[in-house]
Amino acid sequence: MKETLLIEFAVENGKNTTISIPDPREDVTKADVVTAADEIVAKKAVLSAGNPVSAFKRAYVRTIEETELA
């Protein structure tokens, strides 16, 4: 099973962007993600099409189960 943490941000140009983090810690909490996202926004550490992210929107873990065909 593959897991990916997705963190969505609003961008200053009115659009949205998502950061994908493969294989997140099993014990990651929303508080952990919000703290990191707030730091990213405050430091304008992520750009999308040259525009900095302006706000955290949401975070979720996507789980994909792969079954090889016989």
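Predicted model: local features only at pLDDT ≥ 70, side-chain atom pairs only at ≥ 80, totals over all residues.
## A walk through the sheet and its helix

Serine 48 stands opposite asparagine 51 in S4. Serine 48 itself belongs to strand S3, and its relative accessible area of 19% falls under the 20% cut-off, so serine 48 counts as buried. Beyond its neighbours within four places in sequence, serine 48 is in contact with Val11 and Thr17. S3 and S4 run antiparallel and are joined by 2 bridges.

Before going further, a word on confidence. The protein has an average pLDDT of 96, and 100% of the residues score at least 70. Among the elements, S3 has the lowest mean pLDDT, at 96, while S1 has the highest, at 98.

Now let us step back to the whole sheet. Its 4 strands form an open sheet in the order S2-S1-S4-S3, with antiparallel pairing. S2 and S3 each have a single partner strand and stand at the edges, so one side of each lacks a neighbour in the sheet. In general, strands of a sheet pair through backbone hydrogen bonds, in either a parallel or an antiparallel sense.

Follow S1, which covers residues 2-11, and you will find glutamate 8. Is glutamate 8 buried or exposed? Its relative accessibility is 15%, so glutamate 8 counts as buried. Which residues surround it? Leaving aside neighbours within four places in sequence, glutamate 8 is in contact with Thr17, Thr18, Ala55, Phe56, Lys57, Arg58 and Tyr60.

The helix comes next. H1 lies across S1, S2 and S4, and runs at about 150 degrees to S4. Which residues of H1 are buried? They are Val33, Ala37, Ile40 and Val41. Viewed down the axis of H1, these buried residues fall within an arc of 95 degrees, so they line one face of the helix. The buried residues of H1 pack against S1, strand S2 (16-22) and strand S4 (51-64). On the other side of the helix, Ala31, Thr35 and Ala42 are exposed.

Finally, follow the chain out of the helix. Lysine 43 sits in the loop between helix H1 (30-42) and strand S3 (47-48). With a relative accessible area of 58%, over the 50% cut-off, lysine 43 is exposed. Lysine 43 and valine 53 are 10 residues apart in sequence, and their C-alpha atoms are 9.6 Å apart in space. Just after H1, lysine 44 takes a positive phi of about 50 degrees. From this loop the chain reaches S3, the strand that holds serine 48, and we are back where the tour began.

Note on methods
Residues numbered from 1 in each chain as written. Heavy atoms only, no water. Buried < 20%, exposed > 50% of the residue type's maximum accessible area, 1.4 Å probe, protein only. Contact = heavy atoms within 4.5 Å. Arc of directions from axis to C-beta. Pairing = 2+ DSSP bridges. Axes fitted to C-alpha atoms, helices over the stretch in contact; angles between N-to-C directions. pLDDT = per-residue confidence, 0-100.
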